[in-house]
Amino acid sequence: MYPETFEGFAVTDTSKWSTVSKIDFKPKPFEEYDVDIRILACGVCGSDVHTVKGGWSQPMLPVIPGHEIIGEVIKVGDKVSTVKVGDRVGVGAQIYSCLDCETCKEDHENYCPKRVSTYNSLYADGSMAYGGYSSHIRAHEYFVFPIPDGLKTEDAAPMLCAGITTYAPLVENGCGPGKKVGIVGIGGLGHFAIMFAKALGAEVYTFSRTSKKAEDAKKLGSDYYIATYEEKDWAEKYAKKLDLIVSCGNSAQNFDLAGYLSCLRVHGKMISVGLPEEPFTVSAMPFMRGGVFFGSSHLGNRPQMLEMLKLAAEKNLTAWTERLPISESGIKEALERCHAGDVRYRFVLTGYDKFTA
Ligand code: NDP
């Protein structure tokens with residue numbers, strides 16, 4: 001057991017993607033910048049579902065998902081200077097980058113060609129990265145973030161992926177006072193996108209498929225609500241109105257990309273942080289009509305993560321969570337209900353003291 005071996009709940013077969021079993025695993029060898037963390041809580045992200053289903057590609061089995069982690073530091077390497085034993089810290093969806101290439105030096109470590117994701121990812125030495133449905137995690141200190149005292153563990157865990165993934169493209173693309181910002185899809189990511197867009201001072205337009213989440217959107221800070229499957233002519237009504245759209249939709253089925261693009265002002269941008277398993281389909285025409293741009297974004301960098309946590313603590317922003325125990329049945333329910341869109345708006349796994357290690 002610890003420190004040689006950690007325990008976690010692994011998916012071993014993509015055809016039984018919600019079934020997990022407990023396994024022991026060896027973390028990567030401990031190095032001078034590494035931090036060992038005893039996990040206290042972990043959010044369940046839409047990416048966990050895409051991965052275990054094999055929806056993006058075949059995962060490297062067994063896979064232990066989980067990349068919205070909060071825990072307590074229990075060991076630090078000799079060169080670690082940013083955290084100490086006993087600190088409460090978070091780990092998101094990235095666990096390593098080289099910190100030496102041009103991309104890293106420009107503070108774009110989230111795009112480093114040598115980056116290692118928190119799970120279903122290999123280190124250069126062949127060690128497998130396993131995620132937060134586990135007793136412990138070992139991470140490079142650059143990817144370990146102190147959690148401000150004002151944030152509760154369970155409410156803050158989803159910020160480590162869902163939060164930063166929406167915060168980063170908002171700040172990078174000018175979200176702020178005087179801007180009109182559209183958010184597509186109210187799920188784990190989308191509910192943060194609404195909160196952060198509002199906290200940054202923008203006027204927020206939320207696009208959801210139905211009217212079911214209208215009240216929630218308002219509580220989260222949305223100024224306008226558009227139920228795209230129910231309202232006729234929404235694309236005409238909001239034509240050329242928005243400066244920026246951040247899409248958090250996890251599917252491209254019945255996804256009216258041309259409609260969203262038509263809602264952008266001239267030279268406006270739409271960023272899909274959502275990563276549907278199927279391709280988007282759109283012709284060149286909607287781009288031409290407003291000279292608009294479409295792109296994507298991956299997580300965020302360390303300064304943005306620290307900034308986001310500070311903002312959340314100052315403005316008292318917390319994830320809307322439902323708690324489930326870290327167990328075979330708890331994980332099964334979390335994965336299946338997340339897949340069905342039956343969560344408002346993030347499952348967080350708790351009860352990690354049941355691990356024996
Ligand atoms: P959730 O399941 O919590 O939310 C997904 C939301 O997408 C739903 O609530 C729904 O909102 C919306 N949606 C589903 N189908 C459609 C559709 N056909 N058209 C429009 N909207 C749709 O997932 P998460 O929030 O956890 O993740 C969202 C996506 O973001 C996933 O693809 C995930 O992999 C990706 N992701 C990307 C990251 C990155 O770095 N780029 C990092 C983390 C996650 P509604 O009911 O309101 O319509």
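Colleague: What makes the side chains of Asp 13 and Lys 16 a salt bridge?

Modeller: In this predicted model, the N to O distance between the side chains of Asp 13 and Lys 16 is 3.8 Å. The cut-off is 4 Å between a Lys or Arg side-chain nitrogen and a carboxyl oxygen of Asp or Glu, so the pair qualifies.

Colleague: Why is Asp 13 called partly exposed?

Modeller: Its relative accessibility is 27%. Buried needs under 20% and exposed needs over 50%, so a value in between is partly exposed.

Colleague: What about Lys 84, and which residue does Lys 84 pair with?

Modeller: Lys 84 meets Asp 87 in a salt bridge, at 3.0 Å from N to O. Lys 84 has 55% relative accessibility, so it counts as exposed, the limit for that word being over 50%.

Colleague: How do you know that Asp 155 and Arg 323 tie together parts of the chain that are apart in sequence?

Modeller: Their side chains form a salt bridge with an N to O distance of 3.0 Å. Asp 155 sits in helix H3 (residues 153-156) and Arg 323 in strand E18 (residues 321-325), so the pair links parts 168 residues apart in sequence.

Colleague: Are those two partners buried or exposed, or partly exposed?

Modeller: Asp 155 is at 12% relative accessibility and therefore counts as buried, the cut-off being under 20%. Arg 323, with a relative accessible area of 44%, is partly exposed.

Colleague: How many salt bridges does that rule give, and which residues form a network?

Modeller: The count comes to 21 salt bridges. Glu 322, Glu 333, Arg 337 and Asp 342 are linked in a network of them.

Colleague: Why do you say that the ligand lies between domain 1 and domain 2?

Modeller: Both domain 1 (6-160 + 320-354) and domain 2 (163-296) give residues to the shell around the ligand, so the ligand lies between them. Helix H1 gives the largest share of that shell, three residues.

Colleague: And what is the make-up of the shell by class?

Modeller: The shell has twelve nonpolar, 15 polar and three charged residues.

Note on methods:
Residues are numbered from 1 along each chain as its sequence is written. This is a predicted model: local features need pLDDT of at least 70, side-chain atom pairs count only at pLDDT 80 or more; totals for chains, interfaces and linings use all residues. Side-chain values use heavy atoms; hydrogens and water are left out. Helices (H or I, at least four residues) and strands (E, at least two) are DSSP runs, numbered from the N terminus. Ala, Val, Leu, Ile, Met, Phe, Trp, Tyr, Cys and Pro count as nonpolar, Asp, Glu, Lys and Arg as charged, and the others, Gly among them, as polar. Domain bounds come from an automatic or database domain assignment. Buried means under 20% relative accessible area, exposed over 50%, partly exposed in between (1.4 Å probe, protein chains only).
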